Amino acid sequence: MPSPFPGMDPFIEGSTWDDFHPGFIVHLSDALVPLVRPRYVVRRQRRVYVEHHGKAEDRVLRPDVAVFAAQREPPFAEGGASSATAPAPVAVHLPMPQEEREAFLTIRHRQTMEVVTIVELLSPANKRLGSDGRREYLSKREEILASRTHLVELDLLRGGQRLPTVEPLPPADYYAFVCRNRPRYVAQVYPWTMRAALPRIPIPLAGDDPDVPVDLQQVFTATYDRAGYDYSLAYGQPIDPPLSEADAAWAAEIVARRKPT
């Protein structure tokens, strides 16, 4: 059963993105293969990095100031006097590094396996200001933009920091960026709102080969349907990140009209 929303379902982002991301990549690959064969092959790949949670300053190594404080102010009184009773300990959680795996696609020449185009679906970590995931992604992005490889980036997340651009992006909820190897550092941006269907966008290939159009709405619908989100998403819960007042009323009306499963 398809989503009750005309395009991206806003309930996915805050509740089941870790499941949606790899599923969307699989169905996007399935949609691309018949469009590019037999000259090109599509391969699913993963980027692995370690995400350190907590503020960046918490991860900087500092001298052990507690040692010097203890030398200046001993915890035990001199002359054999008894010390004060130690306070009861309090349990706190420490920042724990977490391994992150992000799926993306490469389109390669079948004969040489040279990468022609990379297709990325942004994750929340890629858009979290100051995170390892954002630093890792932007560093890789710069490498791709300095190469002869085309780059297609899909931002299907309303939350987080947008990709850096010189000019302001047009107002929208979602974006697709098509960055060709000529002219370099110029992107075609496809913006759309939550109330619109996902667009059909061009995927550039090598040389004089024409672009292939991929229908992102069809890919989304296949992902939603195969995952069974129609019965597994918590449509009674608040949407995260929150919507504007007008969009919240619109979404509530759609959910109210939705047939129970």
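Reply: Happy to! Let's begin with Arg180, which sits in the loop between strand S5 (174-179) and strand S6 (187-192). Keep in mind that this is a predicted model.

Me: What makes the pairing of the Arg180 and Asp211 side chains a polar contact?
Reply: The cut-off for a pair of N or O atoms is 3.5 Å. The side chains of Arg180 and Asp211 are 2.7 Å apart, so the pair is within that limit and counts as a polar contact. Arg180 also makes a side-chain polar contact with Gln188, at 3.2 Å.

Me: Which residues does Arg180 touch, leaving out those up to four places away in sequence?
Reply: Among them are His150, Val186, Pro202 and Pro204.

Me: Why is H2 called oblique to H5?
Reply: The axes of H2 (residues 17-36) and H5 (residues 216-227) come within 9 Å and cross at roughly 125 degrees. Roughly perpendicular ends at 115 and roughly antiparallel starts over 145, so an angle between those two is oblique. That makes H2 oblique to H5, and their crossing is right-handed.

Me: Which residues of H2 and H5 meet there?
Reply: On the H2 side they include Phe20, Phe24 and Leu28, and on the H5 side Val219, Phe220 and Arg226. By class, this contact has nine nonpolar, three polar and two charged residues.

Me: How confident is the predictor, going by the mean pLDDT of the chain?
Reply: The mean is 88, and 87% of residues reach 70 or more. Residues 56-72, however, have pLDDT below 50. Where pLDDT is low, the predicted coordinates should not be read in detail.

Technical notes:
Residues numbered from 1 in each chain as written. Predicted model: local features only at pLDDT ≥ 70, side-chain atom pairs only at ≥ 80, totals over all residues. Heavy atoms only, no water. Axes fitted to C-alpha atoms, helices over the stretch in contact; angles between N-to-C directions. Helix = DSSP H or I, 4+ residues; strand = E, 2+ residues; numbered from the N terminus. Parallel < 35°, antiparallel > 145°, perpendicular 65-115°, else oblique. Left-handed = near helix turned anticlockwise from the far one by under 90°. Contact = heavy atoms within 4.5 Å. Nonpolar A, V, L, I, M, F, W, Y, C, P; charged D, E, K, R; others polar. pLDDT = per-residue confidence, 0-100. Polar contact = N/O pair within 3.5 Å; in protein donor to acceptor, adjacent residues only side chain to side chain.
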